[in-house]
Amino acid sequence: MNYLQYYPIDVVNGEGTRCTLFVSGCEHHCKGCHNATTWDARKGTAFDQAMEDRIIADLGDSRIKRDGLSLSGGDPLFPGNLSGMLKLVQRVKAEYPQKNIWLWTGYTLEELSQAQQDVVQYIDVLIDGRFELDKRDLSLPWRGSSNQRIININITITPRQIT
Amino acid sequence: MTEIIKRDGSRQPFDAPRIVKAVASALNDAQIKDHDFAEYVAKKVASTVEGLELVDIYDIQDQVEHLMMSSEYHNAARKYIEYRQTRDIERESRNALSRDILSIINQDNEELLNENANKDSKIIPTQRDLLAGVVARHYARQHILPKHITAAHDRGEIHYHDLDYAPFFPMFNCMLIDIEGMMTNGFRMGNAEIETPKSITTAAAITAQIIAQVSSHIYGGTSINEIDRIHAPYVRKTFEKHLQQGMRWIRDEEKAREYAMEMTEKDCYDAYQALEYEVNTLHTANGQTPFVTFGFGLGTSWEERMVQQSILKNRIRGLGRNCKTPVFPKLVFAIKKGVNFSPEDPNYDIKQLALECASKRMYPDILNYDKLVEVTGSFKTPMGCRSFLGVYEEDGKMIHDGRNNLGVVSLNLPRIAIESKGSEETFYQLLEQRLQLAKEALMTRIQRLDSVRARVAPILYVEGACGIRLKPDDKISDIFKNGRASISLGYIGIHETIIALYGGKNGSGDLYDSEELRQKAVAIVETMRAAVNKWKQETGYGFSLYSTPSESLCDRFCRLDKKKFGVIEGVTEKGYYTNSFHLDVEKKVNPYDKVDFEQVYPKHASGGFICYGEYPNMVNNLKALENVWDYTYDKVPYYGTNTPNDSCYSCDYEGEFNATSRGFECPQCKNRDSDKMSVTRRVCGYLGQPNSRPFIKGKQEEVVRRVKHL
């Protein structure tokens, strides 16, 4: 899994004060995408242990309180990103069960594969659906077009043992 | 051969016969015949300039004056001085004065016309005010201020603020109006006797009247300290009136109370709506909307809470058909642990309302109670946009309302640094000299008010706005003494000063990245603070150190320095100097680190300060905004979050417009028509609307360069 950008403090991708990671790799290629440079999964820097540790450390920062982690891209649920993502979200939830994770994906909730669902079960808020240029609306919070949805996924319904 | 520098800067060989002629003519006017004396004066002056290359015409004239005064011909000396003054005035009026007047007619002097972003220089009353300002400025420079002060101001070493008002007019800067005293004891305004109001509606209307009057008699901002506490009794009276009415018709006490509360809520909201409209439609004698600030937030009674909610809800709604963001009154919301800081505090709901309001309308700025008390000694709302009073007691009781600031003179710190050519020692020597100049300049403000009688501004001195009731013929000077009023030394451009002074040696001279430079910067501010402390001890006047907002000064000092010293990278290059101790607007740091960087300064510059951060639109993320507010609580006393929320009347987009050098643009429909948008940006401690009234050039440049701290 490669990433293109990491914001240790972010207030525009999700509620509260957050850490935000933009990974590379996306197969939707939506017309009008404002982040087309992120489509190629080979772009950016390899997401390594050090980066993961840095995110974990930032989330635990006692000086500047973080509400959680935001995952965007690219598409965090791009098939090539799934194993990396799973490891990251599992660790975040294990270390900070009270912090939330937001994830932006071009897939809709209904069309997620099993492997994608395995990641999404650790997510609190999912913003799903492709960006549709004719439905572009800058006034919508957290979304680019009106077809996209903000879905609260309540992980407490299916509690899992996190190892 | 000796050359003379004439008034227009040109040079001419020294010519002794001209002196003979001038002295002879003065003798003649005094009906004295002594041609030898004229020759004697000329010879004497010639001998003192002999061997010198360049001599100023003023020095020659001073010498002539001196020689004549010390002779027996006092009458002739007087004639000579009169003649010289008349000529000076004539020359002045021929040149600068008429040029400035003409520029008002031709609308072509940007400095003069856009100096204040809240004045619309195209309309007649403002032009009359500008005209009065031009004349007052010229007269003060010519006849009131000592020559060396005027010269230092002209050279851009110091800035004598608000010369268009004071010292020509015996006016002071800004104040906290004693509304409580005025309303409780009644007062006279114009032809009307005004008694204690019997409802919030009347109280708000009278408040607007007082603001209008006071703003016409001072040139800075007028603030109402704790308006929630001051207006609470009138909310109560409104409730009681409605309750009486309710009991008459309903007879069920519980229901009547419910009715009365609902009516009171409506009245209170409407009263503040009317007050806000009143402020925004008023035009003071100074040709502008009154610069008024409402401080509120500490009260926890239901009446005070209702006032707080009414103010915020009105602001959230916006002004007029397009629900525009008003820039006045400025709102300052106090946050205090135990009152509204945490979810368990009684007014936490109002803090949430304040956050919503700030995200949509940029105001309120916040005052962090505990930090403010630590830094300035007590809690009070800033006068105008950022001037803070120190502690002052009368009969063992702390007093704030009715007090004022007498005015500001600011130092051009980057200039001193440039002149020091990298030598810290030289810098501190020059700083010492400039401080002395600034002190003398400030003393002229005090002297100007010395023999002034209360009748020049009845609203202030006779009717109670200043918290006292003098007789019209009483002198006003005593109420400014013993620290009751403050008088401020201002400063600008710590950022550029450090680059100019240490840039060469330490590479970039970037203050933020070097702990050593940070300490150097603080040391400069501490030196100025020590100076004002000393002046305070010496004179008994409340000298304070003030972080100058520099709305137009950021442009002026930089422009003068660029002219004199050329383009210096990182210093004069940008076209503006950075506001007081603020972080370079181009420096990309998160708001938390910016707060940490700036938090050391307010305690030194306790006479005036504000810190702020640049944010994206935060309407959908109040939680994050609250995180930042909370972070500042024990770090900076006074904080503003710049969260642009503009509106487009073409496509209904609400959010941040793009700032370009050609103006502002809607990101959704690309609308650039300044009549079809509402754009609000921070100018200094105040907001401004640059789409309708452009900022001065240096300021616009600074706005375009601002980077987001998130």
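In this predicted model, helix α6 of chain B spans residues 124-144 and takes in T126(B). With 19 other C-beta atoms within 10 Å, T126(B) comes out as partly exposed, because a residue needs 20 or more such neighbours to count as buried.

Turning to helix packing in chain B, α9 (residues 200-217) and α11 (residues 253-281) have axes that come within 8 Å and cross at roughly 15°. Angles under 35 degrees count as roughly parallel, and α9(B) and α11(B) therefore run roughly parallel to each other. The crossing of α9(B) past α11(B) is right-handed. On the α9(B) side, the contact is made by I200(B), T201(B), A204(B), A205(B), T207(B), A208(B) and I211(B). Their partners in α11(B) are D267(B), C268(B), A271(B), Y272(B), A274(B), L275(B), E278(B) and V279(B). Sorted by class, this contact between α9(B) and α11(B) has eleven nonpolar residues, plus two polar and two charged ones.

As for the nonpolar cores, the largest has 162 residues, and the members touching the most others are L489(B) and M528(B). Leaving aside residues up to four places away in sequence, M528(B) touches L435(B), L489(B), Y491(B) and L545(B). Another core, of 29 residues, lies apart from the largest one, and its members include C19(A), L77(A), F78(A) and I123(A).

Note on methods
Residues are numbered from 1 along each chain as its sequence is written. Chains are lettered from A and ligands numbered from 1 in the order in which they are written. This is a predicted model: local features need pLDDT of at least 70, side-chain atom pairs count only at pLDDT 80 or more; totals for chains, interfaces and linings use all residues. Axes are lines fitted to C-alpha atoms, for helices over the stretch in contact, and angles run from 0 to 180 degrees between N-to-C directions. Helices (H or I, at least four residues) and strands (E, at least two) are DSSP runs, numbered from the N terminus. Angles under 35 degrees count as roughly parallel, over 145 as roughly antiparallel, 65 to 115 as roughly perpendicular and the rest as oblique. A crossing is left-handed if the near helix is turned anticlockwise from the far one by less than a right angle, and right-handed if clockwise. Two residues are in contact if their C-beta atoms, placed from the backbone, lie within 7 Å. Ala, Val, Leu, Ile, Met, Phe, Trp, Tyr, Cys and Pro count as nonpolar, Asp, Glu, Lys and Arg as charged, and the others, Gly among them, as polar. A residue is buried if 20 or more other C-beta atoms lie within 10 Å of its own, exposed if 12 or fewer, and partly exposed in between; C-beta atoms are placed from the backbone. A nonpolar core is a set of buried Ala, Val, Leu, Ile, Met, Phe, Trp, Tyr and Cys residues joined through C-beta atoms within 7 Å.
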